[in-house]
Amino acid sequence: MPTENSHKSLGLLALAGLTPYQEKDGEEYMNEGQLEHFRAILKAWRDQLREEVDRTVHHMQDEAANFPDPVDRAAQEEEFSLELRTRDRERKLIKKIEKTLKRIEEDDFGFCDACGIEIGVRRLEARPTADLCIDCKTMAEIKEKQMQG
C-alpha cells in the first residue's frame, strides 16, 4: 500500500513521469530535446517541493494545540521544529532549482562551472541541479575535508 511519501523513493524521473533520456547517435549535447527533458524534471521536482511546503503549513495549523502537559507541549514543539527545518532545506532547494531553470533559459546548463566540460546526461538526471562534473565535485569535497580536518 503506497504512502503519501512513497513517490519520493521513485526518483525524479518517475516524479516527472519520464523515462531516462535516450541519446541518439551524433546528437548534439544539450540540444532542445535534452533541455526540455531537464526542464520537465526540474519543474516536477519544484512543484512537488512546493506541495510539501503547503502541506506542512496546513498540518501545523491543524495540529496546533495548547497541551496542558508540558511533555506533550515539548513533543509538539520538537515535531514542529523538525518540520520547519526540513521545509527550510526544501525552500533552499527550490531556489537552487529556480536558478538551474534560469541557467537552462540562458543556455548555460549542463557544463561544469569549474572546467567547462560536459557534466553528462545521466549525472544530471540523478542530480539535475549539479553545476560541477564528477571530477571537479570530488576534488571540491576532498579540499573541503582537508580544510575541516
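To get our bearings, how many helices and strands does the secondary structure of the protein come to? And then, which residues line the largest cavity?

Analyst: Bear in mind that this is a predicted model. The secondary structure comes to 5 helices and 0 strands, and along the sequence that reads α-α-α-α-α. Of the 149 residues, 32% count as buried. Among contacts between residues at least 6 apart in sequence, 57% join residues at least 24 apart.

Now for the cavity. Searching the whole structure turns up 1 cavity of 30 Å³ or more, and the space in it is about 80 Å³. Its lining consists of Lys-96, Lys-99, Thr-100, Arg-103, Asp-108, Phe-109, Gly-110, Phe-111, Ile-119, Thr-129, Ala-130 and Asp-131. Sorted by class, that gives 4 nonpolar, 3 polar and 5 charged residues.

You'll find Thr-129 in the loop between helix 4 (121-126) and helix 5 (134-148). Thr-129 has a relative accessible area of 7%, so it counts as buried, the cut-off being under 20%. Setting aside neighbours within four places in sequence, Thr-129 is in contact with Leu-42, Trp-45, Lys-96, Ile-97 and Thr-100. Two of those names, Lys-96 and Thr-100, also turn up in the cavity lining.

In the model, residues 112-136 are 36% helix and 0% strand, with the end C-alpha atoms 8 Å apart. The UniProt annotation "domain: Zinc finger DksA/TraR C4-type", again from an unreviewed entry, covers residues 108-138. For residues 108-138 the end C-alpha atoms lie 22 Å apart, and the span is 35% helix and 0% strand.

Phe-109 is the lining residue that takes us from the cavity to the largest nonpolar core, where it is among the residues with the most contacts, alongside Met-30, Phe-38, Ile-104 and Leu-124. That core has 24 residues. Helix 1 (12-15), helix 2 (32-63), helix 3 (70-105) and helix 4 each give two or more residues to the core, and helix 2 supplies the largest share, 6 residues. As background, nonpolar side chains in soluble globular proteins tend to be buried together. Ile-104 touches Phe-109 directly, along with Leu-35, Phe-38, Arg-39 and Leu-42, not counting residues up to four places away in sequence. Leu-42 is one to remember, as Thr-129 contacts it too.

Most residues other than glycine have a negative phi. Met-30, though, has a positive phi near 55 degrees. Met-30 is found in the loop between helix 1 and helix 2 and is buried, with a relative accessible area of 7%. Asp-107 also has a positive phi, about 60 degrees, without being a glycine. Asp-107 sits in the loop between helix 3 and helix 4, but is exposed at 60% relative accessible area.

Technical notes. Residues numbered from 1 in each chain as written. Predicted model: local features only at pLDDT ≥ 70, side-chain atom pairs only at ≥ 80, totals over all residues. Heavy atoms only, no water. 1 Å grid on protein atoms, 1.4 Å probe; cavity = no way out; pocket = protein on both sides within 12 Å on 5 of 7 lines; lining within 4 Å. Points joined across faces, edges and corners; volume = space filled by probe spheres on them. Nonpolar A, V, L, I, M, F, W, Y, C, P; charged D, E, K, R; others polar. Helix = DSSP H or I, 4+ residues; strand = E, 2+ residues; numbered from the N terminus. Buried < 20%, exposed > 50% of the residue type's maximum accessible area, 1.4 Å probe, protein only. Contact = heavy atoms within 4.5 Å. Core = buried A, V, L, I, M, F, W, Y, C linked by side-chain atoms within 4.5 Å. UniProt positions renumbered as here; feature names shortened; annotations may be inferred.
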